[in-house]
Structure formats: C-alpha cells, structure tokens
Amino acid sequence: MSNHEILKILEQDARTTPERLATMTGMSAAAAESAIRDAEAEGAIVKYKTVVNWEKAGVQKVWALIEVKIAPQRDRGFDAVAERIYRFPEARSVYLVSGTYDLAVQVVGDTMQEVATFVANKLAPIEGVQGTVTHFLLKRFKEDGDILEGPAPSRRQPYAL
Amino acid sequence: MQQLARWLGLGARPPRRALVSRRVQGIPPSGIRKFFDLLSTMEGVISLGVGEPDFTTPWHISEAAIAALGQGYTMYTSNYGLLELRQEVARYLKERYGLAYDPKTEILITTGVSEGIDLAMRAILDPGDEVMCPEPSYVSYMPCVALAGGVFVPIPTREEDDFRVRASALQARATARTRAIMMGYPNNPTGAVMGRGDLFGVAEVAARHSLLVVSDEIYERLVYDEKHTCFASLPGMQERTILLGGFSKSYAMTGWRVGYACARAEIIEAMMKVHQYTMLCAPVMAQMAALEALRTGDKDVEEMRADYDRRRRVMVAGLREIGLPCFEPRGAFYAFPSIKGTGLTSAEFAEKLLFEEKVAAVPGSAFGESGEGYLRCCYATSLGEIEEALARMGRFLRRHKQ
Ligand SMILES: Cc1ncc(COP(=O)(O)O)c(C=O)c1O
C-alpha cells in the first residue's frame, strides 16, 4: 500500500524532493524514497507532469467535450470501443459515464477544423459508435483542481500579532 | 463676539486636561507598530509576521453566507447570537470534549475571541483584581485586563519547560486579590501546548484559590501529534472556566469576526449584558457562515491542519539547520526560535533582519519580557516563501555570527 501522505504532497507539487518529503512527513529520507519507488512500481504514481495554461504561453488550442453513444459488445462491454478511442493522442481524457450517453471524451487540437475532422473521420466511424455530440469549450476556468487564472491575490495584512 | 463665545461656553477655558483617559494612556503603545508600518512600505519582503491562516475561508462556508444574505439574513440576531448556532456549538463541544453547555443560557456568540476576552474581563473583574497569565502571551490579554481595571500578573514560562506554565509558578504568585488565570493553549506566540497532566496542575491551583480560569482555545484544532484537552473538561473545572472558542484559525475565518464564549449562566449573563450594550450582536452573516462551518467544515479543518503540519516540520527543521535552536511547537502555527546566540535583542534582530534581508518576523519581546531572546515566525505561509525566508535568515546569521 502506498503512503498516502506522500502521494497527497506529490499530487500538489511533483517537484517535492525526497528530502523535503521526509521533513514534511517526519519520516527518514530513505523511507520516503522507498515509498516513492513503491508507489511508482505499483502504478499509484502514473507520471509526473506540469499543468500548462497554453493561452498564457501564447498558444491557441481548441478543446472539445464529446458525448459518445456506443453499442456494448458481447463479453467486452464498452472496453474495446473505449480503447479504440483512447489510443488516439487527440483524446485527452476518456471516461465511461452513466446517463444518456456512454463515453465522455475530451479532445484537444490546434484548430476547430482539426477537432471536427477528428470526430467526423476518426471517432464517429469506429464500429460500435452510434452517435456523437460535440461541445466546443469556450473557456477553461478550472482543470483538475487548479484554477487556470492562478490563485486570487492575497488580501492578508503582512503582519498581525 | 466675546459674549457669544461665553454664551457658547468657549470663553474661560478650564485647566487643560489630556484628551485621552488615564486608563488608556496607561496601556503602553505597541513598540513594534512603527516597525510594522515601515514594513508595509517596503517591497519584496517575506513576512513571517502574520498571525492568520493563508487559506481563504473554505468556499462552502462563504457560499452559505452569500445564500443567507439572499434569504434576507441582514438583521440583528438575539443578543446571545442565533440559537441554531449556539445549539451547534453545544453539539460540537459535547461530541468533541464531552462537555454539556446549555445553548440557551451558557453560550454567547461574540465578535471573535477578541471580544470574548474583553467581555470576560469586564464581567469578572473589580478594580484591583489580579489576573495571572502565562507569558509570553497573546498581546490582547494585558490590555484587556488593564482596561477592565484589573492587574495583570505575568507568569513567565520557559523554553526548558516547553513554554508550559508550571502549577508551582502560579501557586507562588496567587494572592488574596487573584481573581483568575487567563491562558491560551495552544499558545500564540510560542506554539506550546498543555497536555492533560499539565492542565491538572493548573486546575488544582484554581480550585485551591477559588479562581476562575479564562481559557482561550482558539487554536484548539491546530494541534499536531496529539489531541487537544479542553480545560473545562477536567473534573470540577467547567463551573470555573470561561471557555473562549472561535472560527478564525480553525476555519480560516479571521475577517468574519465571530467566536463564542461558554461558561455558567451567571457569567454568560454578565458578559451578555456588556455585549448587548457595546456590540448588540455578532454579524448575522458571519453567524450563518459559522453555522455552516460547524455543520460541515470538519474535513476542511483536517486538511488545513495536515498542511500546516507539513510546513511546521519544514520551518522547525530549517531554523535548526541555520543554527537557531527551536523547541518543537506542537500547536497553533508559530515557531519560536531562540536568537540568544547572536547577542542581539529580539527587537534588534527583527529590525536588522528586515532591513538587511527583507524578512519580517515578530520580536519575542512584543509578547512580554519572557519573550525576549526569541522570534515569532509564522509558518502559515507558502513553502516557497518559508524556504526563501530561511535561506535569507541563514545568510543573515552567518553575517552576524558571534
Ligand atoms: C491567542 C489568540 N486569541 C485570540 C485571537 C483573536 O481571535 P478572533 O479572530 O476570534 O478575535 C488571536 C488572533 O491572533 C489569538 O492568537
């Protein structure tokens, strides 16, 4: 079992060093390092990456959420179709959901045309896909727990007794 | 013209007297006010001089207040505070500490523990009554005792005792005029906590001398490694205790101005009398927010506590690493390292540190004589800032090594 305290800290800041993790949790540096190795080995840590706000970097990207209705297959349910979709790098996230459709797919591309083409030529024709509804994202406010604008400025007085 | 002036009573001036009452003049000016005003004009300062959370109030709590405004909660409440909130405070104290307070007569909603301290002093002190107070102590205690006509009796605590107050020290200073002990654990500025055993000693002194105990437990939820003991939960102590509790620190609600006081009905009635004429009631939207906090804010408190704990370890380890001995603070969000090795007074140290390295911290002497030789460093600030502050302090210490 992974050390949850360490995972919580790394989820907030992937760059936290093992020494710092050790100080923060009160464990030894060696124990922290082995906890990280264990979490990596068992796949509890998938990878380390950076949250990028591309707009701030001057790069325009087009995001879309696509509702996908599919016909489940004997034995494999939705998994086979889901896999044929999530193998595309254009699909940023793929979820099986309850409700009026089956898969929620988030797609990113450089232009609206590119995303539309992906949906029409790649996604919709997959065998078992019965229909799609595409929602282009107009503005991304918050992603994965992070407000993309960054935190509000601190209103705190610099001192108090 | 002269006649008119005389008629208006402006003519013959009575002997000039000071504009400000002797009582207020008697309160020493805060020596570090100037220092702090200066700090607000400087750029690039990292401040460890704060005394409040760096989290904003959990959103569901703010949202509850916004909704309350929408529902027309814009009026006065009962002088005691909203009954629902008092009931919720009673439930909280029952569940957490096994205490039974009657929400109708034994709980008063205040505009923060700050008001609670003032009300308690005004309600229980007659002129000349003494209040013993472990020191270093929170800055409000002494003035509130003095403004209520009491005499503040500081009881120094020491690093060797982990800044816990010794019962023997209280015992030695108790006189026929002693009315109360006022203490705040977890402690601002030291971060000290008092365990159950330590509190038993205080309880014994209180019982022996028939003293009231004003227990400021505003940092009650910010305790690391162990569980807080509520003073009123000790055998026989509930009837002697004025328990002051709040939302400012646990729920990151400093700006809301809401807290509570619990004591036997006679005392709460007296405190309410003063509150009724000076405050009327705590702001209703803040009371609604506090209600939401007590009902569903537990998870937030735990998350914030865990976060402070991580930063606490980084701060304490960092201070020790740069050569400042620092006892282990086990509550609140302050570290209280000793700067005695530098040969500087704490005020000199803080001033030089601000000018030379742009790090602000509060000299221990601001919290009473026994705080001399120490520095209050608040770790409720981002890890990045803590690291940078420690690096600057390390540089400063190397330069001022004796
Ligand atoms: C020990 C102590 N008591 C009381 C207060 C004031 O609390 P409130 O915001 O509830 O008035 C503070 C704030 O710094 C404090 O440190």
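I take a salt bridge to be a side-chain nitrogen of Lys or Arg within 4 Å of a carboxyl oxygen of Asp or Glu. I am working on a predicted model, in which local features need pLDDT of at least 70 and side-chain atom pairs count only at pLDDT 80 or more, while totals for chains, interfaces and linings use all residues. Residues are numbered from 1 along each chain as its sequence is written, chains are lettered from A and ligands numbered from 1 in the order in which they are written, and side-chain values use heavy atoms, with hydrogens and water left out.

**Entry: the two domains of chain B**

I looked up the domain assignment of chain B, whose bounds come from an automatic or database assignment, and found domain 1 (26–56 + 299–397) and domain 2 (60–296). Taken over C-alpha atoms, the centres of these two domains of chain B are separated by 25 Å. Counting contact as heavy atoms within 4.5 Å, I note 34 residues from domain 1 of chain B and 36 residues from domain 2 of chain B.

For buried area I use the accessible area (1.4 Å probe) that two parts lose on being put together, summed over both; the two domains of chain B bury about 2900 Å² between them, 59% of it on carbon and sulfur atoms.

On the side of domain 1 of chain B that touches domain 2 of chain B, the largest share, nine residues, comes from helix H12 (residues 298–321) of chain B, where helices are DSSP runs (H or I, at least four residues) numbered from the N terminus.

**Entry: chain A against chain B**

I next looked at the contact between the chains, which takes 14 residues from chain A and 28 residues from chain B. Chain A and chain B bury about 1700 Å² between them, with 58% of it on carbon and sulfur atoms.

Between chain A and chain B I count two salt bridges, and I looked up the pairing of A:Arg20 with B:Glu387, whose side chains meet at 2.1 Å, N to O. The elements giving two or more residues to the side of chain A that touches chain B are helix H1 (4–12) and helix H2 (18–25) of chain A, and H2(A) gives the most, with four residues.
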